[in-house]
Amino acid sequence: MRWKGLRTSRNIQDRRGSGGGRGGMRRAGGVGGIGLLAIVVIGALLGVDVTPLLQGGLGGGTMQSSAPSGPNEIDDSNEEFVAVVLAQTETVWSDIFSQSGYDYAEPTLVLFSGGTTSGCGYAQSAMGPFYCPADQNVFLDMDFFRVMEQDLGSSGEFAKAYVIAHEVGHHVQNLTGVLGEVNTERARVSQRESNALSVRVELQADCYSGIWARAVSESLSLTDADIRSALDTAARIGDDALQQAAGGRVVPDSFTHGTSEQRQRWFYAGYRSGDPGACDTFSTSDL
């Protein structure tokens with residue numbers, strides 16, 4: 001993956017502290033070890049109905065990062081990487097929306113350390129990256145990338161890009177009305193049925209990230225190893241893999257994101273086809 005020197009997005013809001021200072025992950029409620037890992041990776045890539053997790057149960061500090069005043073500037077290579085990836089999503093989805101006669105409303109990606117506010121409530125690092133439909137922002141504490149490498153064993157820059165592209169996929173779902181329809185339906189059904197709907201939302205976002213990967217394969221000089229790193233990451237954050245890693249038994253009715261196999265398959269479906277129509281996870285009985 002080659003990204004240095006490419007266009008950076010202007011839609012980055014740096015809340016890592018005044019002057020763009022950095023900070024480490026703050027552990028929520030004193031949870032450590034596999035407990036923290038389970039919270040982080042299960043919360044990661046949620047993107048749908050995040051309010052219950054944002055507002056309850058995690059405990060922890062009350063630190064809130066403040067956004068710097070004035071226009072944001074790229075302060076370091078990590079922010080530059082995120083800004084390049086976001087810019088690539090803007091280009092791809094603007095083109096796709098334009099082909100259907102629509103304008104693409106670009107999301108803002110908020111960088112923070114420890115915790116910050118969002119339209120969905122208070123955001124903590126232990127939540128992992130997420131998309132908030134209420135303010136159309138993607139939230140990311142980049143210390144999550146360290147968690148990916150050290151705790152999940154996920155490596156490669158494109159694995160990180162996949163995470164961002166997945167969250168932007170939720171923004172696409174919000175713009176097309178999918179998130180609103182699903183959340184309305186989830187409020188009417190049982191917990192098991194609600195979880196099943198969440199899985200379909202997440203797998204569609206995986207498929208959308210695959211579409212993006214295909215579209216940027218040339219501009220980012222992607223290799224087979226890059227795609228394998230994304231597929232490997234998708235496998236490591238499957239519900240079955242996370243439950244096994246946490247030492248518990250696998251409970252399919254509790255799945256909210258899909259199995260490792262499903263996440264890989266739907267990412268590759270988008271990558272293989274490049275067609276949003278191939279990402280209809282709601283009409284198929286075979287996920």
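**Exercise 1.** At what angle do helix H5 and helix H7 pack, and how far apart are their axes?

*Solution.* The structure is a predicted model, in which local features need pLDDT of at least 70, side-chain atom pairs count only at pLDDT 80 or more, and totals for chains, interfaces and linings use all residues. Residues are numbered from 1 along each chain as its sequence is written, and side-chain values use heavy atoms, with hydrogens and water left out.

Step 1. Helix H5 covers residues 157–175 and helix H7 residues 191–215; helices are DSSP runs of H or I with at least four residues, strands are runs of E with at least two, and both are numbered from the N terminus.

Step 2. The two helices pack at an angle of about 120°, and their axes are 8 Å apart. Axes are lines fitted to C-alpha atoms, for helices over the stretch in contact, and angles run from 0 to 180 degrees between N-to-C directions.

Step 3. H5 is therefore oblique to H7 (under 35 degrees is roughly parallel, over 145 roughly antiparallel, 65 to 115 roughly perpendicular, the rest oblique).

**Exercise 2.** How many salt bridges does a search of the whole structure find?

*Solution.* Step 1. The search finds eleven salt bridges, each a side-chain nitrogen of Lys or Arg within 4 Å of a carboxyl oxygen of Asp or Glu.

Step 1. One of them joins Arg7 to Glu90, with the closest N and O atoms 3.3 Å apart. Arg7 lies in the segment before strand E1 (12–15) and Glu90 in helix H3 (residues 77–99), so the pair links distant parts of the chain, 83 residues apart.Step 3. Arg7 is partly exposed, at 45% relative accessibility, whereas Glu90 is buried, at 2% (buried is under 20% relative accessible area, exposed over 50%, partly exposed in between, with a 1.4 Å probe and protein chains only).

**Exercise 3.** Where do Arg236 and Asp232 lie?

*Solution.* Step 1. Both residues lie in helix H8 (residues 224–236), four residues apart, about one turn of the helix.
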